[in-house]
Amino acid sequence: MSVDVDKSAQPPADTPPPQPEPIKAIPVRHYGRWVAAIVVIALVVLLWRAFASGNVNWGAVPQYMFNSDILKGLRNTLLITVLSMIIGVVGGVVLAVMRQSKNPVTSSVAWFYVWFFRGTPVYVQLFLWFNLGLVFQYIDIMPIYKDEWSDFMTPFLCALLGLGLNEAAYMAEICRAGLNAVDEGQTEAAHALGMSHAKTLRRIIIPQAMRVIVPPTGNEVINMLKTSSLVAAVQYYDLLQAAQNIGRDSGVVVEMLILAAAWYLIATTVLSIGQYYLERYYARGSSRQLPPTPLQRVKAKLAGGFNRSAGGVG
């Protein structure tokens, strides 16, 4: 039995198959985001209204912004921050190397140092250095220096030792983590080439560990800048002390605290920018292509807009 097929009803062989209709994706509505945004905006408005209706002399903030006493306190704050971090970084590297030493004496001393200074508040350490004159009347380093303790332990030196030695304990752990992050094969290869242990650390291990050490160190610098406000307790003239003195004499206590907060924000912003570019510098060996900087993004957008406008004109 044969069946006749109408070939005219069949589609040609070269006709492409029918395409499915495109899927219409309906975006999910995130109502929680809108609620959170409304709540945040409401809180910001309430905070702004509270300060706007408060008895705050806002004109005093720009009036004393560049006051000579404020600038002197700011200079002392930056000075004590930089010097304390130098002591902390150098001491931290030494303590980290001591912690990894096979000598039980040096490793134990380093462990005790880190344990003690990390376990006691920096505020207590500042007062301890400040009041050691009650215990020691003189400082006597036989062939080098001898003087009364009260003349030797000035507020500046007290603040420097209190902040710097405390920071060395934290930097020791940061440096130790960075050194441990370097593969042991790097050390073995350097020793196989005849390099000494000190040269291996200086030329091979530490440069590679910097990629791990730099980010937390940048955070420590910013934290040190803020922690330096505690030195007012040992009579060191810093930014907070200057703001408090002006506020007490002029009757604008809150305004001067706002001014001090503004200067701290400016300083931390500058340090954060420096930390960003320093991290990029040490990340060159780990990333094939670094992400563009904010300035490079702005230039790219400006160049793209210029090219589009030029194409439209043409």
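**Cores and a helix crossing in a predicted model**

Visitor: Which residues touch the most other members of the largest nonpolar core?

Guide: This is a predicted model, in which local features need pLDDT of at least 70, side-chain atom pairs count only at pLDDT 80 or more, and totals for chains, interfaces and linings use all residues. Side-chain values use heavy atoms, without hydrogens and water, and residues are numbered from 1 along each chain as its sequence is written. A nonpolar core is a set of buried (under 20% relative accessible area, 1.4 Å probe, protein chains only) Ala, Val, Leu, Ile, Met, Phe, Trp, Tyr and Cys residues joined through side-chain atoms within 4.5 Å. Among the 28 residues of the largest such core, those touching the most other members are I80, M153, L163 and V231.

Visitor: Which helix gives the largest share of this core?

Guide: Helices are DSSP runs (H or I, at least four residues), numbered from the N terminus. At least two core residues come from each of α3 (68–99), α5 (122–130), α7 (155–181) and α9 (197–227). The largest share, ten residues, belongs to α7.

Visitor: How are α3 and α11 oriented to each other?

Guide: Helix α11 covers residues 253–282, and its axis lies 12 Å from that of α3, at an angle of about 40°; axes are lines fitted to C-alpha atoms over the stretch in contact (heavy atoms within 4.5 Å), with angles from 0 to 180 degrees between N-to-C directions. Angles under 35 degrees count as roughly parallel, over 145 as roughly antiparallel, 65 to 115 as roughly perpendicular and the rest as oblique. The two helices are therefore oblique.

Note on methods:
Buried < 20%, exposed > 50% of the residue type's maximum accessible area, 1.4 Å probe, protein only.
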